[in-house]
Amino acid sequence: MDHKIELDYSHPQVMAILNVTPDSFYAGSRKSDEKAVEERVEEAVSQGASIIDVGGYSSRPGAEVVPVEEEWRRVAEGVGAVRRVAPTMAVSIDTFRSEVVERTLDRFGEVIVNDISAGELDPGMIPTVARCGVPYLAMHMKGDPQTMQSRTDYRRDITTEVVSYFDRRVDFLLESGIARDRIILDPGFGFAKTLEQNYELLGGLHRLVEQGFPVLAGLSRKSMIFRALGLTPNESLTGTIALDWECLRQGASILRVHDVREAVETVRLFEIFQQQNAG
C-alpha cells in the first residue's frame, strides 16, 4: 500500500502523540488496548492533526528497556489503527531501531521515522532510511533514555552545541544518501538538558531554524514546564500553549503535542496574528 508522505510546511503542522505504552511520563497519553488506540486516533483526526506519531518505547528519563519484539507489537498496533481509521493520515514512528522501521515499512508503507538518537543508537538506522527514502526526523540527545539526564555537561552554551551538532550530523545524513528535503530537525527539549538549558535552547530556537530545515518543537507537558511552575504534567496545558506560541514565533514547522485541539487553535491564532502584522 503506497502512502507517500508530502508535508506542507507553508503552514505549521500539528503532530499528535499516540503512545502505545504503559509508562510514558504523561498518563493521559498512554493507550494500551485496541479500542483506546482507535479512539485516540479518531480524536486526533477530528481535532485537526496532520501527523500522528506512534511510540512503542517510552523515551522518558530512566525508562525501562523494551525488547524489540514488544516495541514492534506496540508500533504495529498503533500504525494499524491509524491506517484503519484514517488511511491517508501521515504517520510517524518514534523509534531508534532500524528493525522496527523496516518491519513497519514492509507492512504499512511509508512513514516518517522519528529517531530520538539521530541514528546514534543503531548503526543500521541511517542506511535503512537512506535506502527507503522516507522522511527522517533527527533529534539531539546525549546518551540514551536510561543515561541522558546525567549527560547535561556541555563545553559551550546549549544552543551553540545543538546547532553545531546538527551542522555535523546533517552533513553525515546527506553523505549517507538521505535527501535534503526528507530531513527534519528536533532540538530535543528535555533530553540531556537541565531546566535552565531548555529555556536557553528555546530562546535560541531561531538559530536552528536558520539552518534551512523544518524544525519540530516537542515540549508538550514536559518537565521544563511543570517543574518550573511546581505543577504536574496533567496541569501543564497552559504552559505548553504559551511555549508553543514562542516556538511558532521563532519559526518551528511542527508542534508535537498531546493536546491536538489546543495546538491547532494556537496555530490558527498565530497565523491570524502574522497576517494582520505582515509587512
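Mentor: A nonpolar core is a set of buried Ala, Val, Leu, Ile, Met, Phe, Trp, Tyr and Cys residues joined through side-chain atoms within 4.5 Å; buried means under 20% relative accessible area, exposed over 50%, and partly exposed in between, with a 1.4 Å probe and protein chains only. The model is predicted, so local features need pLDDT of at least 70 and side-chain atom pairs count only at pLDDT 80 or more, while totals for chains, interfaces and linings use all residues. Residues are numbered from 1 along each chain as its sequence is written, and side-chain values use heavy atoms, with hydrogens and water left out.

Trainee: Which residues have the most contacts inside the largest nonpolar core?

Mentor: In soluble globular proteins, nonpolar side chains tend to be buried together. Here the largest nonpolar core has 67 residues. Apart from it lies another core, of 10 residues, with Leu7, Met15, Ala90 and Ile254 among them. Within the largest core, the residues with the most contacts are Ile52 and Tyr136.

Trainee: How is helix 5 oriented relative to helix 6, roughly parallel or roughly perpendicular?

Mentor: Helices are DSSP runs of H or I with at least four residues, numbered from the N terminus, and axes are lines fitted to C-alpha atoms over the stretch in contact, with angles from 0 to 180 degrees between N-to-C directions. The axes of helix 5 (residues 158-175) and helix 6 (residues 195-203) come within 8 Å and cross at roughly 65°. Angles of 65 to 115 degrees count as roughly perpendicular, so helix 5 is, relative to helix 6, roughly perpendicular.

Trainee: Which residues of helix 6 meet helix 5?

Mentor: Contact means heavy atoms within 4.5 Å. From helix 5, the residues taking part are Ile158, Thr159 and Val162. Their partners in helix 6 are Gln197, Glu200 and Leu201.

Trainee: What type of aromatic pair do Trp245 and Phe270 form?

Mentor: Rings of Phe, Tyr and Trp (its six-membered ring) pair if their centres lie within 6.5 Å; planes under 30 degrees apart count as stacked, over 60 as edge-to-face and the rest as tilted. By this rule there are 4 aromatic pairs. For Trp245 and Phe270, the centres are 5.2 Å apart and the planes lie at 85°, which is edge-to-face.

Trainee: Is Phe270 buried or exposed?

Mentor: Trp245, in helix 9 (residues 237-249), and Phe270, in helix 10 (residues 260-276), are 25 residues apart in sequence. Trp245 has 28% relative accessibility and counts as partly exposed. Phe270, at 4% relative accessibility, counts as buried.

How values were computed. Helices (H or I, at least four residues) and strands (E, at least two) are DSSP runs, numbered from the N terminus. Angles under 35 degrees count as roughly parallel, over 145 as roughly antiparallel, 65 to 115 as roughly perpendicular and the rest as oblique.
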